[in-house]
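The exercises below concern charged side chains and their pairing. Work through each task with the structure open, then read the solution.

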Amino acid sequence: MSRRKTERLLNLVICLLATRRPLSAEQIRHAVPGYDRDGDEAFQRMFERDKNELREIGIPIDVVRDPWEDEPGYRIRRESYELPEITLEPDEAAVLGLAAQVWQRASLAEAASGALLKLRAGGVATDETVGGLGQAGALELRVDTRDPAFPPLWEAVRDRRVVRFDYRSSGSETVRTRTVEPWGVVSRRGRWYLAGFDRDRQAPRAFRLSRVTGQVATVGRPGAVEVPDGVDLRSMVGFPEEPVEERVAVVRVRRGTCQGLRQLARAVRPAPDDPAGWDEAELGFSDPERLAGWMASLGSDVEVVEPPDAREAVIRRLKGALA
């Protein structure tokens with residue numbers, strides 16, 4: 001099943017679970033990403049196929065015929081959809097919880113949230129506990145996956161597909177292209193690593209995701225990567241952290257914004273010769289790519305002035321987002 005179809009089916013399930021009243025096919029067409037660009041006949045065929053596929057895998061879609069409405073409505077009743085009570089050991093529950101949060105931060109979460117926002121914008125009342133969007137999801141653990149390379153590398157591990165990317169070596173500005181058979185993505189001390197077989201060096205290696213620059217490309221067909229039996233991914237990234245000298249970045253910050261950044265800054269002062277209402281902050285950092293991820297997330301309220309490699313890293317992030 002293609003990723004586009006998987007996203008559409010997932011969004012359809014979330015849409016029909018979240019609504020408090022049956023939705024017509026036309027309402028579903030405008031609320032669920034993947035339908036709104038198709039013509040009338042194409043939409044009807046696709047919608048019928050999707051309903052049949054969901055029913056085949058055991059998801060009950062109710063058809064409600066209101067005598068006051070011309071078209072039938074569709075919904076999924078929660079009591080029919082929910083699984084019976086499942087008992088998990090504490091360690092099993094913790095693993096499932098972390099996996100769910102990684103999924104929530106992945107690209108499908110944005111599309112799913114968009115479907116619910118469209119429903120609410122159209123005046124349809126929704127159950128906001130679906131997908132963890134309400135109070136039930138207000139307090140939870142979060143896995144930081146801000147590294148742009150995380151989604152494509154995670155998908156490559158899932159699909160067992162070779163990847164190629166540009167990688168900046170530790171302690172230098174040298175960037176080389178790596179071709180890797182991915183075995184897994186592992187977190188260690190707040191940083192994410194790709195563990196796998198480096199075809200260029202013909203040896204197992206670990207790569208810090210924050211040092212991956214540019215786009216991650218896939219090579220060859222899915223299923224081509226074989227993970228060796230008994231491989232210990234955590235031991236592959238368990239090497240001692242190399243000593244890294246902390247540096248100082250100078251950042252312009254729009255006045256009245258970015259309070260968290262200001263609290264972490266070593267110093268904040270009015271920007272010299274700038275009448276537009278900007279301050280200048282000094283931030284300690286060791287990895288330009290991690291700093292760039294933070295600065296790019298603050299949008300137009302910040303501008304990295306120096307050092308040049310940190311400024312260029314932010315520009316690369318923003319150009320990648322634009323592309």
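**Exercise 1.** Identify the residues that join E26 in a network of salt bridges.

Solution. E26, R29 and D40 are linked in such a network, where a salt bridge is a side-chain nitrogen of Lys or Arg within 4 Å of a carboxyl oxygen of Asp or Glu. The model is predicted: local features need pLDDT of at least 70 and side-chain atom pairs pLDDT 80 or more, while totals for chains, interfaces and linings use all residues. Residues are numbered from 1 along each chain as its sequence is written, and side-chain values use heavy atoms, without hydrogens and water.

**Exercise 2.** Describe the pair R29 and D40 by distance, location and burial.

Solution. Start with the distance: the closest N and O atoms of R29 and D40 are 2.5 Å apart. Helices (H or I, at least four residues) and strands (E, at least two) are DSSP runs, numbered from the N terminus. Finally, R29 is buried at 10% relative accessible area, whereas D40 is exposed at 53%. Buried means under 20%, exposed over 50%, and partly exposed in between (1.4 Å probe, protein chains only).

**Exercise 3.** Are R262 and D279 buried or exposed, and which elements hold them?

Solution. The closest N and O atoms of this salt bridge are 2.8 Å apart. R262 belongs to helix α9 (residues 259–264) and D279 to strand β10 (residues 278–285), 17 residues apart. Both R262 and D279 are buried.
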